[in-house]
Amino acid sequence: MQGFIPLSRFVRFRNLLASEEGEIDLRLHFEEVGSGLARVVGAASASVELFCQNCLHVMTLQVAIDVNTRLVKSDSELHSLAENIDGMVVDTPRLSLTELLEDDLILVLPMVPRHDVPCIETLKIVGSETRRPFADLSKLLLQREKD
Ligand SMILES: [Zn+2]
């Protein structure tokens, strides 16, 4: 399966972000691994906004995770998996994609997000963008629509 899930569905993850706008881009497929068990493999990625802990302005970060999780039916099955295998108990007919992905997404976020380039340069770019006449123009157009 391939699709998008709104970031807003990942409550714990979005609480760590500067904005819940955006989507998780998802590519997953399911493989049988014998004796009625299944494995879900694939990848998920998203462009997220975080507050730079240096300048406290919003920065955009691309995050990506690989998915390789064994789906099991009970805790005892989970505990019988080898240590290097990720497992998840699925006790409802539907697999929860937020449960499958959310912990890993949280883990790939930097503990202390910072701009890659020195913040002062980023501020200059942001500053010049806000001075663009284009922004004011769109505001005027919106006002006109309300009238
Ligand atoms: Zn910064």
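Ile 5 has Ile 24, in strand E2, as its bridge partner. The model is predicted; local features need pLDDT of at least 70, side-chain atom pairs count only at pLDDT 80 or more, and totals for chains, interfaces and linings use all residues. Residues are numbered from 1 along each chain as its sequence is written. Strands E1 and E2 pair in the antiparallel sense over 5 bridges. Two strands pair if DSSP finds at least two bridges between them. Helices (H or I, at least four residues) and strands (E, at least two) are DSSP runs, numbered from the N terminus. Among the 5 residues of E1, the count of buried residues is 0. A residue is buried if 20 or more other C-beta atoms, placed from the backbone, lie within 10 Å of its own.

An open sheet contains 5 strands in the order E1-E2-E3-E4-E5, with mixed pairing. Neighbouring strands are turned by 35° against each other on average, direction ignored. Axes are lines fitted to C-alpha atoms, for helices over the stretch in contact, and angles run from 0 to 180 degrees between N-to-C directions. Strand E4 (residues 58–72) pairs with E5 in the parallel sense over 4 bridges. Here Val 72 has Val 89, in E5, as its bridge partner.

The mean pLDDT (the predictor's confidence in each residue, from 0 to 100) of the protein chain is 84. Where pLDDT is low, the predicted coordinates should not be read in detail.

Technical notes. A residue is buried if 20 or more other C-beta atoms lie within 10 Å of its own, exposed if 12 or fewer, and partly exposed in between; C-beta atoms are placed from the backbone.
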